[in-house]
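Subject: A structure for you to look at

Hello,

I am handing over a structure that I have been going through, and I hope you enjoy exploring it.

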Amino acid sequence: MFSLFKKKSPQRMDVFKDVISQEFHGIHHRDLSSGSLRVIEILQQAGYEAYLVGGGIRDLLLGKHPKDFDVATSAKPAEIQKLFRKSRIIGRRFQIVHVRMGAEIIEVTTFRGSAENSKLQQANASGMLVRDNVFGTVEDDAVRRDFTMNALYYNPANHEVLDFVGGYDDLEDGVIRIIGDAETRYREDPVRMLRAVRFIGKLGLELEEATAEPIQRLSPLLRDVSPSRLFDEILKLLQAGHGDATFPHLRIHDLLRPLFPQTHELLEDGDDAHYEELIHLALRNTDTRLNEGKSVTPAFLYAAMHWPQVHRRWDELEAEGHGRSQALAIACSETLDFNQQFIAIPKRFSITIREIWELQAKLEKRHGRRPDSTLEHPRFRAGYDFLLLRERSGEIPGGLGEWWTQYQIADDAQRRDLIASVKEDSDEPPKRRPRRKYQRRD
Ligand code: ATP
Ligand code: MG
């Protein structure tokens with residue numbers, strides 16, 4: 001959508017400001033949501049400034065299809081609410097107004113400013129902003145945003161894009177650049193480090209050097225972010241259609257360690273290449289399903305992300321003398337409990353994750369009535385898919401998955417034959433690949 005020859009009409013105001021006209025940026029109203037255009041019109045008619053901003057404008061300029069459009073305005077939350085009957089204020093850290101326009105919900109934010117020592121803005125000891133409701137001008141708002149490409153303001157009334165931070169040029173150059181001093185901005189909100197990596201995977205852009213440099217060093221700050229916010233951010237990272245492309249960048253910037261510490265260790269260990277492959281296959285599978293418009297569940301993704309830890313503990317507990325199913329059940333509990341301190345998985349998902357894992361032992365049992373009862377398990381499909389992933393990753397040899405593939409489509413007589421084909425003594429765990437003894441690191 002960019003013109004090959006960049007031509008802008010720079011205007012010098014009190015801060016740097018570029019105005020990019022429509023003939024260069026090429027944004028058309030047919031590409032925008034009618035709800036957000038209407039919200040802007042109403043705000044502007046009431047005398048407020050209002051723009052489209054954020055990911056929607058960025059994605060349009062990159063020729064991608066935006067998933068939503070955010071509105072930024074000079075109107076205060078209560079003033080916005082007065083103008084729109086169907087609206088409500090949400091958020092504590094940042095107040096946002098959700099405005100309903102037909103079937104759409106438009107996020108409307110008031111321009112944010114910065115005011116040191118203000119009661120409305122509070123940072124904790126590591127520099128993290130815990131409260132941030134200082135209002136400002138559109139210029140103030142621009143410099144409070146995370147990356148330059150996310151701070152472009154489009155005014156539908158005159159079709160102009162306003163750029164206060166050089167975001168338009170950065171987008172053209174394919175560069176993700178943080179606004180201001182990188183370390184300070186990551187300290188204010190460590191999630192910005194995850195967002196940086198997310199945009200590499202999603203948009204195929206590169207991190208500018210000073211934007212990338214502090215991430216590895218500051219990645220432990222993610223431990224200070226609330227585990228429930230991290231759950232949401234991880235889904236945006238790994239379950240939004242670009243997980244497979246994003247994951248390697250999480251590792252490059254050492255962001256896996258604070259989020260999935262055990263998985264990080266086992267992958268770094270490098271002993272079991274199949275763990276790496278299992279995660280890659282799960283992410284690729286998730287991306288494909290999403291891109292085909294199919295549903296996905298966070299449970300499957302998390303089942304894969306934490307599997308290395310479960311699998312290791314399962315082995316260890318069995319070696320310590322626990323029965324196979326019991327060892328797996330303990331490994332599941334330990335893994336879920338341990339990781340809850342980093343990323344809070346809602347109960348409805350953790351129940352399913354455990355079921356997917358526990359099915360891995362059930363699927364091995366193929367005598368008598370066991371296969372039929374396993375087949376009736378509400379999570380059979382997910383457990384079976386997970387087994388196939390384990391086989392494809394090379395963790396266990398193929399065979400069991402194929403048996404279950406056939407069993408599902410077989411009639412009664414064929415099922416009896418399939419059960420009979422399983423040798424009594426083969427009703428046991430599939431052989432593992434030999435590997436070094438696991439050394440636990442502290
Ligand atoms: P996506 O397309 O994935 O939604 P996005 O950039 O629109 O990407 P949102 O979370 O919808 O992401 O945020 C909207 C805008 O709000 C961003 O473009 C950015 O300008 C600003 N923003 C979001 N999160 C932060 C943050 N942690 N710090 C500063 N600004 C932020
Ligand atoms: Mg967005």
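In this predicted model, a nitrogen atom of ligand 1 is 3.2 Å from a polar backbone atom of D146. That is a polar contact, here a pair of N or O atoms within 3.5 Å. On its own, ligand 1 has 580 Å² of accessible area, and the protein covers 87% of that (Shrake-Rupley method, 1.4 Å probe).

The shell around ligand 1 holds 16 residues, with K67, R145, D189, R192 and R198 the closest (a residue counts if one of its heavy atoms lies within 4 Å). By class, 12 of them are charged, 3 polar and 1 nonpolar. Asp, Glu, Lys and Arg count as charged; Ala, Val, Leu, Ile, Met, Phe, Trp, Tyr, Cys and Pro as nonpolar; the others, Gly among them, as polar. Helix 8 gives the most to this shell, with 5 residues. Helices are DSSP runs (H or I) of at least four residues and strands (E) of at least two, numbered from the N terminus.

Where does ligand 1 sit? It sits in the largest pocket, as more than half of its atoms lie within 2 Å of the pocket's grid points. A pocket is an open set of points on a 1 Å grid over the protein atoms alone, where a 1.4 Å probe fits, with protein on both sides within 12 Å along at least five of seven lines; lining residues have an atom within 4 Å of a point.

The largest pocket has a volume of about 1,300 Å³, taken as the space filled by probe spheres set on the points, which are joined across faces, edges and corners. Of its 38 lining residues, F94, I96, E107, R195 and K236 are closest to the centre. Helix 8 again gives the most, with 6 residues.

The second largest pocket holds about 480 Å³ of space. Its lining has 22 residues, and N285, R289, F300, A382 and D385 lie nearest its centre.

Two notes on conventions. Residues are numbered from 1 along each chain as its sequence is written, while chains are lettered from A and ligands numbered from 1 in the order in which they are written. Local features need pLDDT of at least 70 and side-chain atom pairs pLDDT 80 or more, whereas totals for chains, interfaces and linings use all residues; side-chain values use heavy atoms, leaving out hydrogens and water.

Best wishes

Notes. Polar contact = N/O pair within 3.5 Å; in protein donor to acceptor, adjacent residues only side chain to side chain.
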